[in-house]
Amino acid sequence: MDSTKRRAARRERQTKEAKSGPKFRPLQNPWPALEIASPEQIERVHQASIYILETIGMRFLDAEALSLWEAAGAKVDYKAQHVWIDGGLVTDLIRQAPDSFTMRARNPLRDIPIGGNHISFFPCAGVVNVSNSQVGRQQGTEATYQELIKLWQASNVIHFAGMQAVAMHDVPVSCRHLKTRLHGHTLSDKAIFGVSHGRIISEDCLAASRIIFGDDLTTGGPVTGCVINVNSPLVYDDRMLGGLITYARAGQAVVITPFILSGAMSPITIPATIAQQNAEALAGMALAQIVNPGTPVVYGGFTTNADMRSGSPAFGTPEGAWALLLGTQLARYYGVPYRGSGSLNTANSVDAQAAYESMWTLWPAVQAHANIIVHAAGWLESGLTVSYEKLIIDCENLAMMQHFLGNINWSDDAFLLDMIQKVGPGGHHFATPHTQANYRTAFFDGTLADRSNYERWLDGGEKDIVQRAAERWQAILRDFEAPKLHESVQEELEGFVERRTQELQGVSLYD
């Protein structure tokens with residue numbers, strides 16, 4: 001076989017391997033977490049947060065939430081929808097939350113442990129547009145939602161099938177959450193999160209989960225969860241509270257995530273911003289324990305700074321990295337898991353800015369031992385767009401991170417002194433028996449980066465990484481096969497979605 005044929009055969013083999021990447025497995029960070037605050041500084045943040053809760057208070061725009069707080073012993077002003085919470089009450093409640101739990105998938109081999117030094121990668125969510133080399137930038141549709149689920153399912157470094165991958169603009173707003181469950185469960189066998197916009201939508205998501213898992217949604221760990229965002233500063237709205245209460249009552253995972261832009265929704269210093277974030281997160285996690293003691297909660301952080309020239313969010317910044325590291329350190333202080341983010345950037349195209357800002361988010365998240373890293377692949381344009389090409393590039397980066405988190409072989413055999421002696425000074429190791437036996441698997445074998453020389457790159461068509469990523473996602477979608485779901489279960493799920501779609505036609509769930 002000549003060299004041209006060998007290269008073609010190698011490229012074909014690499015393409016097949018690259019569709020899924022390394023083997024799917026839960027990840028652990030084997031090294032100590034990076035902590036940038038002293039225990040005394042963390043205690044000062046805690047005390048500042050308690051001052052906010054006790055003296056300034058927060059607004060809860062939901063009648064049931066107000067009554068729950070009053071019954072638990074908090075001071076409540078129903079007219080102003082304002083709650084002041086004793087610090088001792090908050091900390092006592094959060095002690096009831098588990099320090100770790102397992103997110104169950106419909107395929108038990110895809111279950112994901114959450115907590116401790118476990119790390120899991122979660123794809124983009126809550127995005128409006130999609131972008132790829134075939135269609136350019138356009139609003140999300142049901143078809144593009146399905147494509148994203150397929151790409152996530154095919155990647156073994158993505159541990160979840162997401163929640164609201166992209167807004168389906170061709171589906172009535174009142175029914176979009178139903179489609180998320182239908183496509184999430186039929187096109188993927190990974191764990192998925194639900195939609196938390198009020199009680200009706202949340203109940204529908206739970207009902208779909210019962211079709212897949214049966215009536216018991218808690219034994220062995222939750223089967224779904226939700227992300228609850230705070231209307232910073234210091235407000236929980238009725239829609240988020242409806243979702244929080246509904247999921248907590250069912251014993252499902254609740255991820256409490258303040259979204260704070262320092263300088264806009266909080267004071268412009270990091271200590272003040274983190275103290276406010278902490279107060280908001282504590283209140284949500286404590287409320288979940290009032291609803292259902294022992295509810296699995298995750299302390300979430302989505303804090304960064306505002307760009308003070310435009311007022312827009314600035315993602316992938318050193319300040320955002322500080323906030324992520326401090327949030328994870330605080331989560332450990334309270335004994336709960338932490339949610340961070342992984343590929344945040346403000347770039348408008350898949351370029352060097354998108355790459356380096358993403359790394360300024362991913363590396364701190366991994367170093368901090370964030371347990372769920374959301375938006376780990378595909379994020380572009382400050383989260384307005386998910387790019388198919390960037391998704392593929394990010395997944396290659398996540399595969400490298402997974403390899404990096406593996407164990408180094410420190411056995412005596414790994415030093416290979418006999419090989420060093422055999423080659424001696426001035427030789428090379430390409431032809432040694434050990435190299436010949438292990439060269440295929442010894443190092444991370446990236447298949448997206450082009451490490452050929454300039455002449456070979458020219459002969460290959462001068463393709464940049466975006467073009468190579470485009471070829472990759474097109475091949476994945478072309479060859480995709482959905483994981484099997486029992487026919488009767490799929491029929492029941494489809495029937496449920498069809499029935500609820502008819503019932504919700506014309507109904508506004510967002511008033």
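The model is a predicted one, so local features are taken up at pLDDT of at least 70 and side-chain atom pairs at pLDDT 80 or more, while totals for chains, interfaces and linings use all residues. Residues are numbered from 1 along each chain as its sequence is written, and side-chain values use heavy atoms, with hydrogens and water left out.

Helices (H or I, at least four residues) and strands (E, at least two) are DSSP runs numbered from the N terminus, and two strands pair if DSSP finds at least two bridges between them. Ser-341 has Val-374 of β18 as its bridge partner.

Contact here means heavy atoms within 4.5 Å. Angles run from 0 to 180 degrees between N-to-C directions, and axes are lines fitted to C-alpha atoms, for helices over the stretch in contact.

There is also an open sheet of four strands, ordered β9-β8-β20-β19, again with mixed pairing. Its edge strands, β9 (136-139) and β19 (379-380), each pair on one side only. Strand β8 (residues 129-132) runs antiparallel to β9, and four bridges hold the pair together. Within that pair, Ser-131 stands opposite Arg-137 of β9.

Back to helices: α11 (residues 352-367) and α12 (residues 388-404) pack with their axes 12 Å apart, at an angle of about 35°. On the α11 side the contact is made by Ala-354, Ser-358, Met-359, Leu-362, Trp-363 and Val-366, and on the α12 side by Lys-390, Asn-397, Leu-398, Met-401 and Phe-404. By class, these are eight nonpolar, two polar and one charged. In this scheme Ala, Val, Leu, Ile, Met, Phe, Trp, Tyr, Cys and Pro count as nonpolar, Asp, Glu, Lys and Arg as charged, and the others, Gly among them, as polar.

On a 1 Å grid over the protein atoms alone, a cavity is a set of points where a 1.4 Å probe fits but cannot get out; a pocket is an open set with protein on both sides within 12 Å along at least five of seven lines, and lining residues have an atom within 4 Å of a point. Grid points are joined across faces, edges and corners, and a volume is the space filled by probe spheres set on the points. Three cavities of 30 Å³ or more turn up.

The largest cavity holds about 160 Å³ of space. Of its 17 lining residues, Thr-303, Gly-320, Leu-324, Leu-344 and Thr-361 lie nearest the centre. Two or more lining residues come from each of α10 (318-334), β17 and α11, with α10 giving the most, at four. The lining splits into eight nonpolar, nine polar and no charged residues.

The second largest cavity has about 50 Å³. Around it sit Phe-122, Met-163, Phe-193, Val-227, Val-255, Arg-339, Ile-372 and Val-374, which makes seven nonpolar, no polar and one charged.

Finally, the loop between β10 and β11 (235-236) contains Pro-233, and the peptide bond from Ser-232 to Pro-233 is cis, with omega near 10°. Leu-234 lies in the loop between β10 and β11 too, and it has a positive phi of about 65° although it is not a glycine.
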